[in-house]
Every structure is written in C-alpha cells, then in structure tokens.
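The sequence and structure are shown first, and the account follows.

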Amino acid sequence: MKEKEIAHRVLQRVRPYLNRLVWAMLSMVVVAILSSGQAYMVKPLLDEIFFNRDHSMLNILPLLLILLFLVKGLFVYSYSYLMERVGQYVVRDFRGKLYEHFQKLPVSFFDKTPTGELISRIINDVSIIQAAVSSSVVAMLKDFFQIIGLMGVIFYQNWKLALFTMIFLPLAIIPIVYFGKKYRKLSTQSQEHNAKLANHLHETITGQRVIKAFCAEEYEISRFYKTIDRLLSITIRDAQQRSISRPLMEFIGGLGIALIIWYGGREVLEGKATPGTFFSFLTALIMLYEPIKSVSNLNNPLQKGFAAAERIFTVLDIAPDIKDTPNAVQLSGFKKEIEFNDVSFSYEIGDPVLKNINLRLRAGEMIALVGASGSGKTTLANLLPRFYEIDSGKIIIDGHDIKSVTIKSLRRQLAIVSQQTILFNDTIRNNIAYGCSDCLDTDIVAAARAAYALEFVQQLPDGFDTVIGESGSRLSGGQQQRIAIARALLKNAPILILDEATSSLDVESEREVQRALENLMKNRTTLVIAHRLSTIKKADRIIVMQHGKIVEEGAHDDLLRQKGVYEMLYNIQ
Ligand SMILES: Nc1ncnc2c1ncn2[C@@H]1O[C@H](COP(=O)(O)OP(=O)(O)OP(=O)(O)O)[C@@H](O)[C@H]1O
Ligand SMILES: [Mg+2]
C-alpha cells in the first residue's frame, strides 16, 4: 500500500471529528504566534531595558511576558486535549470496525489466521495509529506553525543572516528522510514479532495442561526466548538508530548556531545591528531548533503508524466471501427437504475433502452420518450453515439454493451441537441462552432439564448464575456437553445437527440424554454424527462415508445385511 493511500484512509476515519481538529489547529496557530511573540520580545527587552535604561519598560515587559505565557498555556491545553480526545475516538472507531469486520469474515479465515495475531491487530496496532494521529500529526502541525512563525521573526530581525541559516536546513532534513525509511521497515518487523508473541502466549496459556502433561515446559520456554530474542534484536536496532539520529541532528544544529554567532556577533560589534536584534534572532533560531528536531523524531511514530495502519487495512480489505447476495430471500421455516446435489468441497484447492455428495434429508427424518475419522462428516455438516462455500454442486433447502437465501434466516433454521464444545466464560444461564436475550427463565430451565443438565446445575453453589470459567473449564467434559445440548435445544430450530454430541458422556448419562434427544427429534429433522454406532440404530437412514464419499446408505438392519463398510465398523465395536 502507498503511504498516500494509507494516509487518505486514516484521514477518512478522522473526518467525523473534523470540527474538533479545526479548533485544535486554530489553537496551534495562536500558540505559534505567541511563541514567535516571545522570541520577538527579546529585542525590546534587551534594547529598551538594558541599553536605553527605560524604567517604564521594566514594569510593562515582565507583565506582558506573564500574560503571554498565560494565554499560550490556555491554548496549549486546548489543542493537546482536543487532539488526544480525537485520537482516542479514532482508536475506538478502528477497534469497532475491525471487530465488526471479524464477525463478517468466514470460518476459513479463522482457520488460517492465528488468534494472537488478530488480538494484536485490535489491541496493539490500533494504539500505534492513535499515537501517530494524536501525537505525531499534532506535533507536525504545531511544529509547522511554529517554524513559520519563528522564521518570520528571524527574517524580520535580519533577513541576510536568515538566508545564511537556510543553508543548514537541507542538511538537517537529510537524516530525517534517511532514518524515516529505515524506521518503517523496523517497525513492521517489530509488530509482526509482537503478533507472534501474542500468539505464542495465547496458545501456551490456554494449553497449559498439555504442556504440563507432556513436560514441554523447557521446550516452550526456549521457543518463547527465541521469539523475544528476535524481538529484542529488532528493538535494539531501532534504539540504535534513534540514538544516532538525535545527536546527529543536534550537531548539525550546533554547527549552525556557532556560525551565526560568529557572523552575527561581528555585525553587532560593527554597529550594523543592535544587540537586541541579534539576541532576538538567536532566541528565535534556538526556539526553531526544537520544532525542527521534533519533526525529525515525529517521523518515527508516523512511520510506525503507517506500518500499523497498513496491517489493519490489509485485514479490513479481506472481502467476506460468504455474504448475502443482493436479492437474497428470507427462508421462513424449514418444511420439506434438504438436498445435497452433487456437492464437492475442498479446504485447500486441489485437495477435495467431499466428492460428489448426493443426499436428501426429508423433514422429520433422523439421519445418521458414520464413517472413519477424517472421512468428512463434520465437514459435510458444516456446509449446511454455510460456514464454508462449496466448490461445485448445490445445497437446496425447500427449493432454495442456500446461496440465494439470507445467511441469518438460513442459520436460524439450524441448531448445532458441534464436536468441540464451545462455551464462554459467563454464567450457565447466559451460555444456554446464548444469542437469545429475551429467552424466559422457565424455557432455560426446561432446556437444561431436557439435556439432563438441571441436576448438576442445581447442585452448583450459584446454580444458573455460576460462571463456568474460560471455555467452561470449571465443568467436566460431560457437563460442558450437556450445556451445549441445552443451548441447542433452547434455540428450538427445525433442523438439529449433533456432531458427536454425547461422546463425552458416560453410558448412563448418554442413554438419558439420548432419550431426551429422541423426544426432541420427533418434530425435527436431525443429522446425527456418531462414532458409537449403538446410539444411532434408531435412525431412519444411516449414511456411511469413506474418504469424502457416500459409500452406503440405508437402515441399520439393511446395512448389516449388505456386509459392507458399515457391517465392518459395527463388528469392530
Ligand atoms: N479447517 C480445515 N482446514 C483444512 N482441512 C481440514 C479442516 N477441517 C478438516 N480438514 C480435513 O478434512 C478432512 C475431513 O475432516 P472432518 O473433520 O470432516 O472429518 P470427520 O469425518 O468429522 O472426522 P472425525 O470423525 O474425526 O470427527 C480431514 O482430512 C481433515 O484433515
Ligand atoms: Mg468430525
């Protein structure tokens, strides 16, 4: 991305706060004028008080100076507060936009992108932009106005000497440009490593049990050191360059001032200029040094900001490929049937996971999917809610291609208990009533009862208000699964997908949950994926998958009689 484009896009986000920015800028202009006024005042101060020995000026000038500082202070307050405020609002907006965008991105995006990296985008990169917007951009404007004002003073006091100093300006700019380029590169690298660091932390903190069980502490520690050492070497290179750039600038500045004293001092001695003029000139010049120096330093956060903004825009530019078509219709209740028509799908191009799937699920049926691990059962189930886009073929629901209906209305027809139980660090009530803010307590309790979760929930000290820990870690695996089942039951959708929904339960509870599920399945269309074949004997039809293909289909007894894959799987168990 070009800097111009990045800047333009960041400015677009700043636009809503334009009037505040205008106020801040006006304040900066006032501050710049007053600063120049301070430099100018050196002339009357010296000439009138010390050389002309004017007593009245001795009273007036210090008072004027106090007034000048007071007014300047007010305006400094005004622009720094306003800019900081705008910066914080921009942070909030960027975070919001990124999060909104994350919610729109398809499952495949999250399969590929490490969690820590996404967290780093929202937390670190956004703050870096804020630093660039509110400190650098302000600094740049403020310095720009100050430079103009002070230049005015030096040209007014002695234009020949001013022209002479101009020779040094280009000299001061060379290192600014040179270090700026290097800085942006380093900052990109450093942020990339920060993201890796975040990711490593995320994985190894959530995976503590595995690390401990496999005695992998040393391994993880050395991996962590590798990551932070790489980060260290980048930050050190960065520090080195910053440390060089400052004294270099100062040296150039000192060189200029030395020459001015040598040249200007002679003019005063020869009587061509008053000492007041000379010192006012010198004061303005020294004051000029500050903004010029900070222009050179502000380039750093600015470059950092560019790098961070680029990373953010790269994520924002990923078009969500699974979205409603412009004329998508509402799917209003599932009534007749779901049809998989010659569906093929691959996660990676050229590596098909599902091949030419043809399948019909009629309303009210219970269909079971069986097959070896990795045969594509979960993948097949994930296509129905359009978590992934199919490569070819069609999935038709009540006569509508699922691509032609709105995603929300499609997903509303489905309740899913996924293979990996996903619970949030919230109360049991909120986990069961997830996505349902107006669910009644009685319904939540009923769902918990049907999922055989009520008993253990009531035994917990806080009952339904118990907070269950990150990913439900304070519950047993079987309890987590029952909460997930209760959640699906509460959704009360016409199509139920159960992917190994009872796999973590003991035989006793499984039988109980099974009975509850059977009641529920009565008026519903159910797709059950199960490894334990004993749990699906009652299915209307059993679909047997192998290597991404449907190889057998029929009722339990028929399939046993066929003496094919199903019979083999059944006999092993
Ligand atoms: N997100 C993914 N990205 C890439 N490949 C995947 C992804 N998920 C699954 N696969 C691959 O697709 C194939 C089918 O996986 P799937 O999860 O559908 O199997 P499954 O039949 O549900 O197995 P199991 O019984 O173990 O749950 C596997 O070879 C797996 O490696
Ligand atoms: Mg699976």
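A cavity is, on a 1 Å grid over the protein atoms alone, a set of points where a 1.4 Å probe fits but cannot get out, whereas a pocket is an open set with protein on both sides within 12 Å along at least five of seven lines; lining residues have an atom within 4 Å of a point. Grid points are joined across faces, edges and corners, and a volume is the space filled by probe spheres set on the points. The model is a predicted one, in which local features need pLDDT of at least 70 and side-chain atom pairs count only at pLDDT 80 or more, while totals for chains, interfaces and linings use all residues. Residues are numbered from 1 along each chain as its sequence is written, chains are lettered from A and ligands numbered from 1 in the order in which they are written, and side-chain values use heavy atoms, with hydrogens and water left out.

**Cavities and pockets**

The model contains 6 cavities of 30 Å³ or more. The second largest cavity has a volume of about 130 Å³. Its lining comprises 15 residues, and Ala 501, Thr 502, Ile 529, Ala 530 and Thr 535 are those nearest the centre. Helix 17 (507-521) and strand 8 (525-529) each supply at least two residues of this lining; helices (H or I, at least four residues) and strands (E, at least two) are DSSP runs, numbered from the N terminus. The largest share, 4 residues, comes from helix 17.

The second largest pocket holds about 550 Å³ of space. It is lined by 23 residues, of which Ala 7, Val 10, Leu 11, Val 133 and Val 137 are closest to its centre. At least two lining residues come from each of helix 1 (3-14), helix 2 (18-51), helix 5 (115-157) and helix 10 (275-316).

**Domains and nonpolar cores**

The chain is divided into domain 1 (3-316) and domain 2 (364-376 + 410-572), with bounds that come from an automatic or database domain assignment. Their C-alpha centres lie 57 Å apart.

A nonpolar core is a set of buried Ala, Val, Leu, Ile, Met, Phe, Trp, Tyr and Cys residues joined through side-chain atoms within 4.5 Å. The largest such core has 46 residues, and Ile 432, Ile 483, Ile 536 and Ile 542 have the most contacts inside it. Helix 16 (residues 477-491) contributes the largest share of this core, 7 residues. Apart from it lies another core, of 38 residues, which includes Leu 98, Leu 302, Phe 306 and Ile 312.

Contacts (heavy atoms within 4.5 Å) are given here without residues up to four places away in sequence. Among the residues that Ile 483 touches are Leu 423, Asn 431, Ile 432, Phe 456 and Leu 475. Asn 431 is found in helix 13 and is buried, with a relative accessible area of 1%. The residues touched by Asn 431 are Leu 423, Phe 424, Asp 426, Ile 468, Ile 483 and Arg 487.

**The magnesium site**

Which protein atoms are donors of the magnesium ion (ligand 2)? They are Thr 378 (OG1) and Gln 419 (OE1), lying 1.8 to 2.3 Å from the ion. Thr 378 lies in helix 11 (residues 377-383) and Gln 419 in the loop between strand 6 (414-417) and helix 13 (428-432), so the pair ties together parts that are 41 residues apart in sequence. Donors are N, O and S atoms within 2.8 Å of the metal (3.2 Å for Na, K and Ca); water is not among the atoms, so sites may look incomplete.

**Accessibility of selected residues**

Buried means under 20% relative accessible area, exposed over 50%, and partly exposed in between (1.4 Å probe, protein chains only).

| Residue | Relative accessibility | Class |
|---|---|---|
| Thr 378 | 26% | partly exposed |
| Gln 419 | 39% | partly exposed |
| Asp 342 | 33% | partly exposed |
| His 547 | 62% | exposed |
| Gln 573 | 57% | exposed |

**Individual residues**

Asp 342, placed in strand 1 (residues 337-346), has a positive phi of about 55 degrees although it is not a glycine. His 547 is in the loop between strand 9 (541-546) and strand 10 (549-554), and its phi is near 45 degrees, a positive value in a residue other than glycine.

Arg 412 is found in helix 12 (residues 407-412) and touches Gln 330, Lys 491, Ala 493 and Pro 494. The C-alpha atoms of Arg 412 and Lys 491 are separated by 8.4 Å, although these residues are 79 residues apart along the chain.

Gln 573 belongs to the segment after helix 19 (565-572), and its contacts are His 531, Arg 532 and Leu 533. Between the C-alpha atoms of Gln 573 and Leu 533, 40 residues apart along the chain, the separation is 7.8 Å.
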